[in-house]
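This report concerns the structure shown below. Please keep the sequence and the three-dimensional view at hand while reading.

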Amino acid sequence: MKKTYIIPFTLIVLISLLTGCWGKREVNELSIASAIGIDKSEEGYLVTVQLISPGEIAARTATTRAVVNTYRATGETIFEALRKLTLETPRKIYIGHMRLLIFGEDFAKDGIGKVLDFFSRDHEIRTDFYIMVARNTKAEKLLNILTPVEKIPASKIYSSLETSSKAWVQTKTVQLDQLISSLISKGKNPVLTGVVIKGSPEIGMDISNVEKVDAPTAVKISTIAAFKKDKLVGWLNESESKGLNYILGNVSNTVFSVHCLKEEKLAVELRRTKVKIKGKVENEEPKIDIKLWAEGNVAAAECEIDLSKPENIYAIQKKVAERIKKLMEAAIKKAQDDFKSDIFGFGEYIHRADPKAWKEFEKNWDKEFEDLEVNINVAAKISSTGTINKSFQKDVEE
Amino acid sequence: MKFINKLFETKNKHTKTNKNNQLESMNVLKSLKSNLSENIKFIKTAIGESSDIVIRELRAGEDGKTKIGIIYIDGLVDKALIQDSILRTLMLDIRKVRVESTISSKKKFFETLRDFVLPEGDMKEIQDFECLFTHLLSGDTIILIDGYAQGFAASSRGWEDRGVTEPNSQTVVRGPKDSFSETLRTNTALLRRKIKDTNLWIETKPIGRKTKTDVAIAYINGIANDKIVEEVRKRLNRIDIDGILGGGYIEELIQDETYTPFPTVYNTERPDAIAAGLLEGRIAILVDGTPFVLLVPALFVHFLQSPEDYHQRFDISTLIRILRYVSFFIALLTPSIYIAVTTFHHEMIPTLLLLSIAAQREGVPFPAVVEALIMEITFEILREAGVRMPRPVGAAISIVGALVLGEAAVQAGVVSPIMVIVVSITAISSFVFPAYNMAIAVRILRFIFMMLGATFGLYGIVLGLIAMVLHLCSLRSFGISYMTPMAPFNWNDQKDAIFRFPQWSMFYRPRLISQKDMIRQQNPKVEKPKPPQ
């Protein structure tokens, strides 16, 4: 062998070894974080991390150890606090798989904008986690609650939020990119769904909480919080949250009840809604037209009503439309009167409709929004009445 | 690579000197003498008085004046045939021949024997010792007549043969179950039985200075590309080696590219696969002494096609072929992707799976790559042991392998259960290939990909795949691009590459291989059969 061949050959072999698997991290060297909570502290931030202990999750034999552990640290920046946590945790924290980012209510009132930069900048993070606000409590406390069914509390909140936003309209899933884009948009303010502790936080921390059939302390998804810029300004109630979701076009499936011909109730399941919002500027006044089209079926009738008759169906359709319209109006009223914050993104529709005029409104959009005229038009359609036509209520009474 | 070439060059010099020696010794083998005893003496010295040579001298002709020598090698010949058609004829039947008068005239004795006396089908005249020895050692019987400087070589080959049995390497559920055997003649006969066409041409030539192994090229004249046939001939003629003991020798000596894990010559022991290849215009190389027949040119797609594909319906054949391509990638990449994803790209794993992997790896002392290497090498050892072991001991291997290494290693916490799954699926997938030599290529490359995955993550694996595809595209098999019909792309040939279209739709032979007589079938358009009235 000639030297000319030996040298490059050896170099190639050595170079691949010299990389030493740079950046390599074995799976069992990770502390996988399921959720991060952020609260105010004197120093800056109080960061709470919920770490999963994989051995307990996948354990074949039940152990008495908790499946998650929370650690907290304070720091002037999020990143600093996270690194400071290594003093307590055995391994470096891996936040790539976090499911939730929870802000304490007090922290949210002071503004969340600054911390978001870290989460969108860090390369490890997948941006598919949901962002929520801990209502009436600190995120720190909320992350301590153990939950039944789902072993990992963060996963429980994650899936609760996801299913409720699909089947019940009072909640809204918000991911990082959505939050940031509504933060930077001049014509739209962000919203986040809240989450509350039901019961005593102290009991919720204990493993006995999940040993009972009816867990004494539970974590429950609440209603939607409205923001003005990055500051929390207030909470929508249940029906206002629903109204908001109708306007945002998030309703795919929900249930609500309307009055039958008289006082009795009739449950309607909406299966599809389609919303069309148009902005326009008339006489230098911005205006919004909302057209909503809903399709559903009768899920339960507690009254004597012959659903085989078209006129009865028309009557119900009208009631459904009125009901939805009321929900939307309530949400708009709350946003205009109390929050003075355009959480619906109406500004963006005006911007799209008349970019030139928008330049004027843009400067003072929150003021303009307070007096914004919104026309709501709802058309509902009952397309099916289930497997029976006439209700048997009458026969029951006799 | 160049330094390896250097090594070869020095070897070439050696062979040249060897060749000169050989030529000198060949010069001694001159033409036959007219004196029988002198000839026999020469044969005896040349062959070293080996015990298996039989020399029978007898007298024939008027008053037994003419001495005849019969020489053959015991074990290579059909004794009954020699008894019947040579000894019996020369010693007894010759008296009944009416031309006895001509025999007496010594001059024409040789011609008479040839033309009237010996009832032998295949009989050649020999003039010199080189020719004599070739025939003698191939199992022919040599007949020498005193007074003539020439003799006969009568074909009397007949030795113990394994016979036509079921193929071991490429089994099928449906389809012919005969396989080639070690005897060249049997093998050519099997081909002739499949293709009864005058254009099936078989050229035979001995290769190997010492072994003089018969190597036959079979092709269908008019379908096979003449240039490729000529190329095969040229490459075979170029071989100068002392011995050919199997198809593998020929394959390595004539293949286009040595420095590649991918096989560029197809081999099979199934006559139907070879016949199908011949009909596509490919060329078969049959080597005496091995049941494995070579087929060139061989393309990448051929190694993932099984003869069974043509005996089953087209839909299942197509699906199975796709399954083979999937297993190709599973066998190639699973361990490397596992390593890359668990050491570099945790965010790519679904959360629950990550937790499960993390829980399993809890307490495993090695990094994923070491773990994977331990298991893969263990499996390779098991596989090799399984192949080499005497058959009765085989069961022990499976017990040790499956129970001790699989179960106990997991229990002991040396490897994680998921690693066992990864290695198992890899191993099973690599057994799907119908061609063993493609499985070998995947085996080798798997380790390279594992190192790439461990050092550079998915980035490394993708780089490796790009390099592999480039390499595949650069390969040629007897001048045909290895990746045909994908690169260069050909629409018609897609019908029998990854997919297998119904037989009635395959109108043409593969374009690049045959190039002439392209039409495979010209069915008149027939209406669907109607139910009987």
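Predicted model: local features only at pLDDT ≥ 70, side-chain atom pairs only at ≥ 80, totals over all residues.

Residues are numbered from 1 along each chain as its sequence is written, chains are lettered from A and ligands numbered from 1 in the order in which they are written, and side-chain values use heavy atoms, with hydrogens and water left out.

**Salt bridges**

Side chains of opposite charge can pair when their charged atoms come close. A salt bridge is defined here as a side-chain nitrogen of Lys or Arg within 4 Å of a carboxyl oxygen of Asp or Glu. Over all chains, 45 salt bridges are counted by this rule. Some of them are listed in the table.

| Salt bridge | N to O distance |
|---|---|
| Lys231(A) and Asp230(A) | 4.0 Å |
| Lys287(A) and Glu282(A) | 2.8 Å |
| Glu231(B) and Arg235(B) | 2.8 Å |
| Arg91(A) and Glu362(B) | 2.5 Å |

Accessibility is classed as buried (under 20% relative accessible area), exposed (over 50%) or partly exposed (in between), with a 1.4 Å probe and protein chains only. Lys287(A) is buried, with a relative accessibility of 17%, and Glu282(A) is partly exposed at 33%. Lys287(A) and Glu282(A) also belong to a network of salt bridges that links them with Lys280(A), Asp289(A) and Glu373(A).

In chain B, Glu231(B) and Arg235(B) lie four residues apart in helix H8 (residues 226–238), and are therefore separated by about one helical turn. Helices (H or I, at least four residues) and strands (E, at least two) are DSSP runs, numbered from the N terminus. Arg235(B) is buried at 9% relative accessible area, whereas Glu231(B) is partly exposed at 24%.

**Strand E6 of chain A**

Strand E6(A) spans residues 130–134, and five of its five residues are buried. In a regular strand the side chains alternate between the two faces of the sheet. In E6(A), Tyr130(A), Met132(A) and Ala134(A) point one way, Ile131(A) and Val133(A) point the other way, and all are buried.

Two strands pair if DSSP finds at least two bridges between them. E6(A) runs parallel to strand E5 (residues 100–104) of chain A, to which five bridges join it; Leu101(A) stands opposite Ile131(A). E6(A) is also parallel to strand E7 (residues 191–198) of chain A, through three bridges, and Val195(A) in E7(A) is the bridge partner of Ala134(A).

**Contact between chains A and B**

What does each chain bring to the contact, in residues? With contact meaning heavy atoms within 4.5 Å, chain B contributes 26 residues and chain A 27 residues. Buried area is the accessible area (1.4 Å probe) that two parts lose on being put together, summed over both. Between chain B and chain A this area is about 2,300 Å², and carbon and sulfur atoms give 65% of it.

Two salt bridges are counted between chain B and chain A. Helix H1 (2–28), helix H11 (314–343), helix H12 (351–361) and helix H16 (436–474) of chain B each supply at least two residues of the side that touches chain A. H12(B) gives the most to that side, with seven residues.
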